[in-house]
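User: I would like to learn how to read sheets, helix packing and a chain contact in a model like this one. Could you take me through it step by step?

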Amino acid sequence: MNSLHGRRRIRLSLRLGAAVAITLFFLFPIYWLFMISFKTPDEIFSYPPKWYPGQLQLGNYAVLFKDGDATAVWHSLVVAGGSTLIAMFLGTICAYSLARFKTGGEHLANWIISQRMVPPIAVVFPIFLLYVWLGWVDTYVGVILLYTAFNLPYVIWMMRGYILDIPLALEDSALVDGCTRWQVIWRVVFPMCRAGLFATAIFTFVFAWNEFLFALVLTRTEVVTYTVQVTFYFGGQSNFWAKISAMSVLGTLPIFIVVAFMQRYLVRGISLGAVKG
Amino acid sequence: MADLKITGLHKYYGSVHAVKGVDLEIPAGEFTVLVGQSGCGKSTLLRTIAGLEDADQGNIEIGGELMNHVLPRDRDIAMVFQNYALYPYLTVFDNIAFGLRARKTPAAEIEPKVRRAAQMLAIEPLLGRYPRQLSGGQLQRVAIGRAVVRNARMYLFDEPLSNLDAQLRDEMRGEIKRLHQELGKTMIYVTHDQIEAMTMADRIVLLRDGKIEQAGAPLDLYERPATRYVAGFLGSPAMNFVPAQLQDSGALAVQLADGTLLALPASRNDKLAGWRGQPITLGVRPEHITRASGELRQGLVRHTALIELVQPTGSRTYATFRLSGAEVVAELQAHDVSQPGETIELAIDMNRVVLIDPATELVVS
């Protein structure tokens with residue numbers, strides 16, 4: 001019995017050791033990024049490399065704020081937040097219609113998700129020409145609408161799945177009890193798929209946050225997002241590592257915060273016990 | 001006046017014809033049970049009354065008003081669903097208050113109404129809990145409470161007890177019937193369970209294949225079934241059916257395939273006049289076969305039976321034997337028979353048997 005106990009212990013500690021090693025391996029680039037952003041130029045280029053800065057100096061960040069480069073993060077927030085809100089609202093009511101009224105027949109839902117598979121590079125230049133004609137290049141409207149359009153299929157697909165999981169009797173019961181269809185969506189569908197709603201919103205937000213190609217082609221100076229802003233620091237002769245790292249940290253923080261707050265919604269299971277059998 | 005009037009109702013699901021022309025009138029305050037096997041259209045009929053399904057043809061009137069295109073919320077009905085349909089993210093109190101809030105009832109009125117409904121159903125201590133913390137019986141009480149609190153014109157129940165175990169089901173059956181007596185509202189109750197139908201209904205509407213097979217008071221249907229289907233559906237153990245022929249050798253008698261003659265009482269002659277010499281199906285309820293002792297009453301015929309199977313229930317004992325090759329169950333006194341293999345004298349009450357035309361399956365007499 002003792003040896004069995006011991007073996008289990010060894011296996012557990014091996015597993016734990018492996019988990020720690022893998023986590024460190026993947027966390028290292030992020031650690032390095034954060035460290036560079038606090039280093040002085042000398043420290044950045046010193047050899048052998050320094051594992052941590054001599055002191056926590058915020059000069060690299062101060063420069064970004066003084067030059068106004070940091071507003072790129074604000075642009076990203078507006079664009080990602082705006083397109084997520086619109087895509088979530090439109091996508092959810094589309095999904096409801098597909099799930100409950102079989103709108104467009106059996107295959108419309110499949111067709112919609114197939115739209116998500118369009119390679120961005122195939123459409124970016126036609127869209128650019130269209131935007132030039134519409135006067136939407138380098139505007140919030142242009143970028144938000146495009147991200148919304150790109151995220152809608154994903155939102156519709158995900159939300160349709162969550163809505164199909166809601167027992168129909170819950171909605172029927174609400175209809176008989178005095179709800180209109182809109183009230184059913186608000187009072188039954190939203191709370192029932194709250195976890196799914198947040199999870200989908202996080203993924204939608206992250207997609208818009210990380211998007212680079214469209215932003216590169218469709219923005220100039222007014223609504224430059226942080227992903228594009230970072231590329232400005234890669235020069236022909238030299239790269240501004242201090243600015244690159246500080247800008248990258250600024251761009252990473254909002255996602256950390258969002259995920260930290262929404263983490264519990266990423267785990268589903270709120271509808272357990274809703275209906276028996 | 002009829003509280004609910006349905007005329008010529010048809011409902012299709014794609015190519016499936018679920019309800020095939022139903023006409024039904026339900027008086028105010030009556031407890032009506034729609035009963036039938038699964039797929040007979042009873043739930044569809046109920047959902048159409050609620051407005052959750054549209055009628056493809058025919059009319060639904062509630063209180064004299066045409067309801068075909070009225071939304072469920074405006075029909076003044078409350079409904080209890082098979083799977084309780086409670087909102088897992090709301091407490092019991094909020095679940096019961098849900099309908100009141102959806103109808104913008106003033107907050108001050110909600111609290112006492114919810115408490116009163118909870119009191120009626122003995123779930124007051126549970127008001128602060130969530131559905132996942134309740135047992136099946138408690139969940140069903142909450143679901144009923146949510147309907148009761150609404151004070152609607154009409155209450156619909158869609159197989160509300162089918163998820164409960166047998167003992168709870170008995171208890172809730174009584175509870176719902178008591179509720180009907182207290183509230184005096186029109187109630188329509190769907191079930192596939194003939195015992196629920198018999199025990200609860202003022203009137204049973206027996207559906208088969210999208211049509212009404214027969215409607216009437218429970219004992220009427222039980223004692224005077226119109227068709228073989230109704231005769232076989234109601235009653236447990238079910239009615240026994242034996243193929244036979246009607247013979248006239250002075251007095252009328254039923255002749256079984258093996259030659260056994262069972263004399264019919266003279267009182268049944270009238271309706272059977274045209275059936276002499278014709279094939280006929282004999283229907284006998286298990287409780288109309290008893291242990292024969294001494295001189296038999298008028299209309300009872302003696303039959304010697306070799307018992308093949310004995311099933312005591314405590315109060316009664318079910319004994320299976322063969323009558324001209326057909327398996328027949330008799331519901332005897334508890335100690336009438338103890339072992340399979342016994343041969344005993346039985347008496348069949350020919351006053352109460354049902355005679356069915358095997359071609360049309362209609363009851364002849």
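**Reading the strands and helices**

Analyst: Let's begin inside a sheet: strand β3 (residues 31–35) of chain B runs parallel to β9(B), and four bridges join the two. One thing to keep in mind is that this is a predicted model. Within this pair, B:Val35 has B:Leu206 in β9(B) as its bridge partner.

User: Which strands make up the open sheet of six strands in chain B, and in what order?

Analyst: The order is β6-β7-β8-β3-β9-β10 (chain B), and the pairing is mixed. β6 and β10 of chain B each have a single partner strand, so one side of each is left without a neighbour in the sheet. From one strand to the next, the twist averages 15°.

User: Where does the mixed pairing come from, going pair by pair?

Analyst: Let's walk along the order. β6(B) and β7(B) run parallel and are joined by four bridges, with B:Ala78 opposite B:Tyr155 in β7(B). β7(B) also pairs in the parallel sense with strand β8 (residues 186–191) of chain B, over five bridges, and here B:Asp158 stands opposite B:Val190 in β8(B). The antiparallel case is strand β9 (residues 203–208) of chain B with strand β10 (residues 211–216) of chain B, joined by five bridges. In that pair B:Arg208 has B:Lys211 of β10(B) as its bridge partner. The hairpin of β9(B) and β10(B) has two residues between the strands, and B:Asp209 takes a positive phi near 55° there.

User: How should I read the two faces of a strand, and is β7(B) buried or exposed?

Analyst: The general idea is that side chains in a regular strand alternate between the two faces of the sheet. In this structure, B:Met154, B:Leu156 and B:Asp158 point one way from β7(B), while B:Tyr155 and B:Phe157 point the other way. Strand β7 (residues 154–158) of chain B is mostly covered, with five of its five residues buried.

User: What is the order of the open sheet of three strands in chain B?

Analyst: The order is β17-β18-β19 (chain B), and the pairing is antiparallel. Its edge strands are β17 (309–312) and β19 (326–333) of chain B, each pairing on one side only. The twist averages 25° from one strand to the next. Four bridges link β17(B) to strand β18 (residues 316–323) of chain B in the antiparallel sense, and B:Gln311 has B:Tyr318 in β18(B) as its bridge partner.

User: Now the helices. At what angle do α10(A) and α13(A) pack?

Analyst: For a pair of helices, read the angle together with the distance between the axes. Helix α10 (residues 194–210) of chain A and helix α13 (residues 241–262) of chain A pack at about 175°, with axes 11 Å apart. They are therefore roughly antiparallel to each other. On the α10(A) side are A:Phe198, A:Ile202, A:Phe205, A:Val206 and A:Trp209, which meet A:Ile255, A:Val258, A:Val259 and A:Met262 in α13(A). That contact has nine nonpolar, no polar and no charged residues.

User: And what is the crossing angle of α8(A) and α9(A)?

Analyst: The axes of helix α8 (residues 168–177) of chain A and helix α9 (residues 181–192) of chain A cross at roughly 155° and come within 10 Å. That angle makes α8(A) roughly antiparallel to α9(A). The crossing is right-handed. α8(A) contributes A:Leu170, A:Glu171, A:Ala174 and A:Leu175, and α9(A) contributes A:Val184, A:Arg187, A:Val188 and A:Met192. By class, these are six nonpolar, no polar and two charged.

User: How would I read one residue, and which residues does A:Ile144 touch?

Analyst: Start with its place, which is in helix α7 (residues 140–164) of chain A. A:Ile144 is buried, with 22 other C-beta atoms within 10 Å. Leaving aside residues up to four places away in sequence, A:Ile144 touches A:Val79, A:Gly82 and A:Ser83. A:Val79 is 65 residues away along the chain, yet its C-alpha atom is separated from that of A:Ile144 by 5.3 Å.

User: Lastly, how many residues does each chain give to the contact?

Analyst: Chain B gives 23 residues and chain A gives 22 residues. On the chain B side, β6 (77–80) and α2 (92–102) each supply at least two residues. That side of chain B divides into 15 nonpolar, four polar and four charged residues.

Note on methods: Residues are numbered from 1 along each chain as its sequence is written. Chains are lettered from A and ligands numbered from 1 in the order in which they are written. This is a predicted model: local features need pLDDT of at least 70, side-chain atom pairs count only at pLDDT 80 or more; totals for chains, interfaces and linings use all residues. Two residues are in contact if their C-beta atoms, placed from the backbone, lie within 7 Å. Ala, Val, Leu, Ile, Met, Phe, Trp, Tyr, Cys and Pro count as nonpolar, Asp, Glu, Lys and Arg as charged, and the others, Gly among them, as polar. Axes are lines fitted to C-alpha atoms, for helices over the stretch in contact, and angles run from 0 to 180 degrees between N-to-C directions. Angles under 35 degrees count as roughly parallel, over 145 as roughly antiparallel, 65 to 115 as roughly perpendicular and the rest as oblique. A crossing is left-handed if the near helix is turned anticlockwise from the far one by less than a right angle, and right-handed if clockwise. A residue is buried if 20 or more other C-beta atoms lie within 10 Å of its own, exposed if 12 or fewer, and partly exposed in between; C-beta atoms are placed from the backbone. Two strands pair if DSSP finds at least two bridges between them.
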